[in-house]
Amino acid sequence: MAQRIDDYALIGDHQTAALISREGSIDWLCLPSFDSAACFAALLGDVDNGHWRLAPKGAGACTRRGYIDDSLVLETIWETDAGTVKVIDFMPQRDRAPDLIRIVEGVSGSVEMQGVLRLRFDYGHVIPWVRREDGHRIAVAGPDSVWLRSEPEVHTYGKDFSTRSEFTVSAGERVAFVLTWHPSHEPRPRLVDPYTSLRSSLDDWHAWAARCTYQGPYRDAVIRSLITLKALTYAPTGGIVAAPTTSLPELIGGIRNWDYRYCWLRDSTLTLNALLSAGYREEASAWRDWLLRAIAGDPAELQIMYGLGGERRLHEYELPWLDGYEQSAPVRIGNGAVGQRQLDVYGEILDSLHLARVSGLPGKPHDWKIQCALMDFLESAWRDPDEGLWEVRGPRRHFVHSKVMAWVAADRAVRTIEAHPELSGDANRWRAMRDAVHREVCEKGYDPERSTFTQSYGSAELDAATLLIPRVGFLPATDPRVLGTIDAVRRELSDDGLIRRYTTDGTNVDGLPGSEGAFLACSFWLADALQLAGRHKDARALFERLLSLRNDVGLLAEEYDPAAGRQLGNFPQAFSHIGLVGTALTLAEEAPAD
C-alpha cells in the first residue's frame, strides 16, 4: 500500500534529496543531482522499482520521528517489545561524490533489525550487477555505480535481486551504513567516516540556522521552511528547484502529474524576499546570480523555467514502466511547459532585480543592460495573449495577472531610474507604458457587476493570482476593487476555507480533464491580502490553519485535499514554503487590532 505523500521526510546534500517514509524506507532518490535519474523510484511504482528499507524486523510505521534541532538530519524511533532503536538518516555536504548515511543506534533492550536494499537505476528500470569487493557491495549498470559498506561490517546476502541484512543492536551499540554513488568509469571515491560526517552535518546546519535574523512569531515554522528551501538549492549554481520530485499527482488517479525538478522564474521575487528578510544574503545573491545567467540572451526567448544550471532544453517524455503514485499515470520526465509564453516572468525578473538593488546586494556590470533589453521587448509584447502564470495547456488568453506583472516591470524600471539617474533608460516611455497597462487592466480585467478582477479579459472565471495585486503595489489593499476581489475569491475559489488556483470544473481553462486540490501558496496569498486589507484576525486564523496542514516534520506539498485530509502534488514544494515564510513576515509587521 502506497505511503501518503505527507508521510515522507526529506534529507539532502544541497545537490539532490531523498524521501524517507515513516516505515524507514527511502522511496525516492535521484543521483547525483536533483534532475538525474532515480535509483530509488518506489514512490512512483512499487518496491521493485527501487527502495532501501532499514527498520526493526516485522515493524511497521515508526513510533515517532523528527529532525535533530534546526537541521536536515532525520531521527526515526521505533519502540518495540524487545527494546527501542533509532535510525539517523542524512546526506553530508559532499566533497565530490554523494553519500547517503544511515546510522542504527540501540536505545534500550536488544532489537533485531532488517535491511532491504533494491537499487534500480534509470527511474526503477535497470537492475544492476552486484558484486563484493573489499567489504563493499558494489552495484554497477552503465554509467552508474553504487558502493555500500557498513561499520562495523554487517553480513549481507542477495535475495530476489536485492541486498539484505539482519543484525541485532543493543543499548549503546551503533551500526552505520554508507551508500556512495559515483560514475562507473571512475575509481572508488574517498571513504567518509559516518560518525564524523554526522557531527559535521549537524554543525553545518546549526551554524546555518543561527544566521537567521528573523525573530518574529512562528519562528520555528519559518526556520523549518528556510531549511527546506536551503535543501532545495543546487549549491553549484544557486538555482532552487520547485520540488525534488516528479509526477506526484494533483488529483489521485488523474493525469495532472508534472516534473518539478527545475527552477521557475515565477518564484524569484518571493524567494529573494524570503531569503533577504531572514538574513540569508549569500543565498539571495547566489539566486540572483543564477537568475542573471539563466535569462541572458534574446528577451523574446525568455523561458518560464530552466534547468539547475540554466539549461533550456527540458524535453518532456513519459516512463511507461512506472504505474505512478497510487496509479496516477503518466509519470513524466522533463516539462513541456518550458516552451510556453508567460509574460508575467518579465515582471518577476524586473521586480527581483529591483529588490536586489534596493536591498544592497552588490550589482553586476551587465544587470541593468539586461533589464533595459527586457523592457524594450515588453513594451510591445505586453499586449499579446499568453498561457499565464499557471501554465495552462489550453488556448492563450489575456490573463490579468500577466498584465499586472507587465505593469510591475515598467514600475520597477521607472523606480530604478528615479533612484539612480546616472543609469540610461527612457523613464518617460516606461511611465507611459505603466499608465497604459494600469488603465487597460482596470477597464478590461475588472468585473464591476461582481466587484472583482477576473482571470482574463472578458472571462467570468476568477484567479487566485489576482490576490497579489496589493502585494506588488498595483492597487492599495484597501481599494474597493481589491476588497471585492478578496471577497469573490473567498466565495468562489474556496475549498473548505482553502483556496484553489482557479475553477477547473467544466471551464476548460487549462485544457486538462479533472480537478485538483487547494493550492497552498494561493492560500498563503489570501492570508497576505487579508492582513494588508486590515482583516488581521482572519489572516492569522488562516495562517495558523495552514501551519496545521504541515506533516509531522514540518513539510508541505503543493496542494491539499480538504475532503481527504491529505497533501497532494510534488513534495516538498518550494512555492508553499516560500509562501509560509512570506506570510509570517507580513503578519510580523505591527498591525492594529480588528
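These legends accompany several close-up views of one predicted model.

In this predicted model, local features are described at pLDDT of at least 70 and side-chain atom pairs at pLDDT 80 or more, while totals for chains, interfaces and linings use all residues. Residues are numbered from 1 along each chain as its sequence is written, and side-chain values use heavy atoms, with hydrogens and water left out.

**Figure 1**
Helices (H or I, at least four residues) and strands (E, at least two) are DSSP runs, numbered from the N terminus. Along the principal axes, the C-alpha atoms fill a box of roughly 75 × 45 × 45 Å. The radius of gyration is 25 Å, which agrees with the value near 25 Å for a compact globule of 594 residues; this radius is taken over C-alpha atoms, and the globule rule is 2.2 Å times the number of residues to the power 0.38. Of the 594 residues, 63% are buried, where buried means under 20% relative accessible area, exposed over 50%, and partly exposed in between (1.4 Å probe, protein chains only). Among contacts (heavy atoms within 4.5 Å) with a separation of 6 or more, 66% link residues 24 or more positions apart. The mean positions of the 64 positive and 84 negative charges lie 2 Å apart. Here Lys and Arg count as positive and Asp and Glu as negative, with His and the chain ends not counted; each charge is placed at NZ of Lys, CZ of Arg, CG of Asp or CD of Glu.

**Figure 1. Strands β10 and β11 make a hairpin.**
Strand β10 (residues 129–133) and strand β11 (residues 136–141) run antiparallel and are joined by 5 bridges. Two strands count as paired if DSSP finds at least two bridges between them. The hairpin has 2 residues between its strands, and Asp134 in the turn has a positive phi of about 50°. Look across the pair to find Arg132 opposite Arg137 in β11.

**Figure 2. Three strands form an open sheet.**
The order here is β26-β27-β28, with antiparallel pairing. Strands β26 (518–519) and β28 (566–568) are at the edges with a single partner strand each, so one side of each has no neighbour in the sheet. Between β26 and strand β27 (residues 559–561) there are 2 bridges, in the antiparallel sense. Phe519 has Glu559 in β27 as its bridge partner.

**Figure 3. Leu226 is a buried residue of helix α3.**
Helix α3 (residues 219–231) carries Leu226, which is buried at 1% relative accessibility. Beyond its neighbours within four places in sequence, Leu226 contacts Trp208, Cys212, Ala274, Ala278, Tyr280 and Val581. Although Tyr218 is not a glycine, its phi is positive, at about 60°.

**Figure 4. Gln371 is buried in helix α7.**
Here the focus is Gln371, found in helix α7 (residues 367–381). Its relative accessible area is 1%, so Gln371 is buried. Not counting residues up to four places away in sequence, Gln371 touches Leu350, Leu353 and Arg357.

Asn570 belongs to the loop between β28 and α14 and is buried at 1% relative accessibility. Leaving aside neighbours within four places in sequence, its contacts include Thr245, Ser247, Trp258, Tyr260 and Glu558. From Asn570 to Asn257 the C-alpha distance is 8.4 Å, across 313 residues of sequence. Pro572 lies in the loop between β28 and α14 (574–588), and the peptide bond from Phe571 to Pro572 is cis, with omega near -20°.

In the loop between β12 (144–151) and β13 (156–159) you will find Pro152. The peptide bond from Glu151 to Pro152 is cis, with omega near -10°. The other loop, between β6 (64–67) and β7 (74–80), holds Asp69. Asp69 is not a glycine, yet its phi is positive at about 50°, and this residue is exposed with a relative accessible area of 55%.
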